[in-house]
Every structure is written in C-alpha cells, then in structure tokens.
Amino acid sequence: MKGLDLAVIGAGPAGLAAAIEGGKRGCRVAVMDMNLQPGGQLIKQIHKFFGAREHSAGSRGVDIARRLYRDAEGVGVEILTSCEVYSIQPGNRLEVILTSFGDSNRGHSQSSTYMRRRHESISAKQVVIATGGAENALNFEGWTLPGVMGAGAAQTMANVWRVLPGERVLMVGAGNVGLIVAYQLLQAGAEVKAVVEAAPEIGGYGVHAAKVSRAGVPILTAHTVVRAFGESQVTGAQIARVDESWNPIPGSEQELDVDTICIATGLRPNTRIASLAGCKLMYSPVLGGWTPIHNKRLETSVPGIYVAGDAAGIEEASTALEEGRLAGIAAAVALGKGRREDREEIEAIAARLSSLRGGPFCAERAVAKQEILSRAEAICQKD
C-alpha cells in the first residue's frame, strides 16, 4: 500500500470518525487496528447511551460501531484489521505487521488453519493516532493469579466472545466502567458478590449504580481488595475498609468466595506510538496520565500527526467521536482537500466539545484540556 493521504491508527470511535471525515473530502484513507474487527470499545458496549440525540443517545455501542463501519466503507475508507503499527518513521512512514488467517488445505478432508504475518511499510501525508486507552493495574497480594483481570477484558469475554470469565465475581472500582461491567456480568449469568470502591463515594453515574444495587449487589465505598487467595487460580478474595489515607483498617477484613476479581481502577491514554513518533507529552492526572500535547485542531508537536479520543486524554465515547471528526477534517484541510463549510463545521464541533465538558462531572477535564492547549501554544512560540 502506497501513497495514503491519511493513515488512521485505531478503529475505535475516534479513528473511524476521523477516517469518515477524511474520506468525505476525497482523501485516500486507511484505518489500521490490531484487533480482529473494527469498533474499539463500542463493540462490547451492549448498553444504550444516554445524553444528547446528536451523540447517539438511545443507541447501543455495538450498533454505533456498525454504523461507523458502514459509513467508513461508504466513503471508500480501507479498514485493515489484525494490523499492528509498531513504528512511525520520519516522513510519516508507518511500519506495520499484517496478520492473515486461513485454511492451508481448503477442499481436502484434512485441513489446518494458519496464521501468516508479514511486514509492510505504509507512507501517509497525514496521520491520526486514535489508539484509545489502556486499563490501569492494581497491585495487591495475589494480583498475578489467573482470574484477576481488567474489567474491560471481562467485558470483552462476555459480550464479544460469549465466554463467562467467572462464576463468582468481585468488582474493584465503582466508576462507570466497574458499574456497567458488573451489571453486564449479572446479565451474562455471573454472581457479583460485591463492588468495592476505595473512595468515600462512587465515581460513576447514579443510574448505573442503581441497577447494580437493585440486583442485590452491595456497593461498598471506602473499601478495597487486600489479597487474592489461591495457588494456580483465584479461589477467594479479602477486602477491607480504608482510612482517609487509603490504608486498610486492621480488623475490618472480610473474605469473599469468588473465582474472579475484575479491576476497574481507571484508564490511561495509550501513547506508545505517539511517544515513538516523537510527540511531546505532558502529565495530566485528570486525563489519565501522560498525554500528547496538541493544539485546538488536535495536531501534536510533530507536524502532520494528530491525536484523538482517549489517546488524547481519557474522556467519554461522545467526546472521542467529536475529536475524531475534528482531527479528520483538520488533516484534510491541511492537505488542501477541505470544504468551504469546514470552518463552520470545526466551530460547531468545538462548541459540542465544550458542551460535553461543561457538566459537573467533566469540568476538571475542560481545565486539563486548556492546560494542554496552553502548553502547545508555548511550544509553538518557542520553536
């Protein structure tokens, strides 16, 4: 593959949205994703979104993913799954590993499947990095035992592969991810023994907590997991109350009969490719950690490389979609393929992003984003 106008790394909501906008403007676009199917986190979100209609309220994440995929194909976007981008060289040359699967003896009585991997270099005039976020780990005694996993991994197993990750589950973390996945595991047939949250209050929306509570699952705030029992797999867990300094309170320990411990202690931006490409980063605890510095049009410190979605700071799926649109339009405009109405469209996206970050749960993110923009302006003036 040669001569792309726009290469998009990541086929989640931000990446697909960026690709669609580029394709609409006549760019030759390819989206690359290491997973077997496009959609990112959306493909395992079976719950309905809520909020504004313009942000797909009332639709399930998996249905939004299908729509984005159809829209991308409709404007000529090439989508490469099982494609790992491991390097971005100067001049926006992407080094990738493509994996293909097949039947080595098709048509014969005995056959075997194969996995073939090949290297390819892909050049692009502009790049959008939309690599999403990664789950945070939590260290405690026994945390490496089989049966301890990220909540996202459990959600993928249950909702995508239809495999129940465990029968008796402890969920650690009462943010939206922990609460949603706990309820979906209940729907899949698991018994959720408890949801523990170290903070004095839950971090997720009340509507999600209410569903879990109505199902009879205790949500224990100011609690954490202390250890996992077992030798070759999880056979139980110990939890305890924590004090104001987050330390377990002696004598408050409880033991739970579980075979699975799901960790939902937040996400961090997946910035490995951005870092390897030379993009400058800054640390923002509110946005999940090290985050690529970018300007108002989401261009990083490396000209021609943009960032969008959770890779630009952990936020919501609706924000990822809007940032993807903005990055795709900005990249097309930089290539001279913009439309007359793009200035108005960019202003409309900026207004919607401001609205999404204007609620009581998102005000800190708005401030954090402004800090990144200020750092980007300082870098431009210095350079």
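Strand 12 and strand 13 (residues 236-241) form an antiparallel pair over six bridges. The model used in these exercises is predicted.

**Exercise 1.** Describe how strand 6 pairs with strand 1 and with strand 19.

Solution. 
- Step 1. Strand 1 (residues 4-9) pairs with strand 6 (residues 113-129) in the parallel sense, over five bridges.
- Step 2. Within that pairing, alanine 7 has valine 127 in strand 6 as its bridge partner.
- Step 3. Strand 6 is also joined to strand 19 (residues 305-307) by three bridges, and these two run parallel.
- Step 4. Here isoleucine 129 has valine 307 in strand 19 as its bridge partner.

**Exercise 2.** Describe the packing of helix 4 and helix 5 by axis distance, angle, handedness and residues.

Solution. 
- Step 1. Two packed helices are described by the distance between their axes and the angle between them.
- Step 2. For helix 4 (residues 176-188) and helix 5 (residues 206-214), the axes come within 9 Å and cross at roughly 35°.
- Step 3. This crossing of helix 4 and helix 5 is left-handed.
- Step 4. Helix 4 brings Asn176, Leu179, Ile180, Ala182 and Tyr183 to the contact, where they meet His208, Ala209, Lys211 and Val212 of helix 5.
- Step 5. Sorted by class, the contact has six nonpolar, two polar and one charged residues.

**Exercise 3.** Locate threonine 271 and decide whether threonine 271 is buried or exposed.

Solution. 
- Step 1. Threonine 271 sits in the loop between strand 16 (267-269) and helix 6 (272-276).
- Step 2. The relative accessible area of threonine 271 is 12%.
- Step 3. A residue under 20% counts as buried, so threonine 271 is buried.
- Step 4. With neighbours within four places in sequence left aside, threonine 271 is in contact with Leu281, Trp290, Thr291, Pro292 and Ala311.

Notes
Residues are numbered from 1 along each chain as its sequence is written. This is a predicted model: local features need pLDDT of at least 70, side-chain atom pairs count only at pLDDT 80 or more; totals for chains, interfaces and linings use all residues. Side-chain values use heavy atoms; hydrogens and water are left out. Axes are lines fitted to C-alpha atoms, for helices over the stretch in contact, and angles run from 0 to 180 degrees between N-to-C directions. Helices (H or I, at least four residues) and strands (E, at least two) are DSSP runs, numbered from the N terminus. A crossing is left-handed if the near helix is turned anticlockwise from the far one by less than a right angle, and right-handed if clockwise. Contact means heavy atoms within 4.5 Å. Ala, Val, Leu, Ile, Met, Phe, Trp, Tyr, Cys and Pro count as nonpolar, Asp, Glu, Lys and Arg as charged, and the others, Gly among them, as polar. Buried means under 20% relative accessible area, exposed over 50%, partly exposed in between (1.4 Å probe, protein chains only). Two strands pair if DSSP finds at least two bridges between them.
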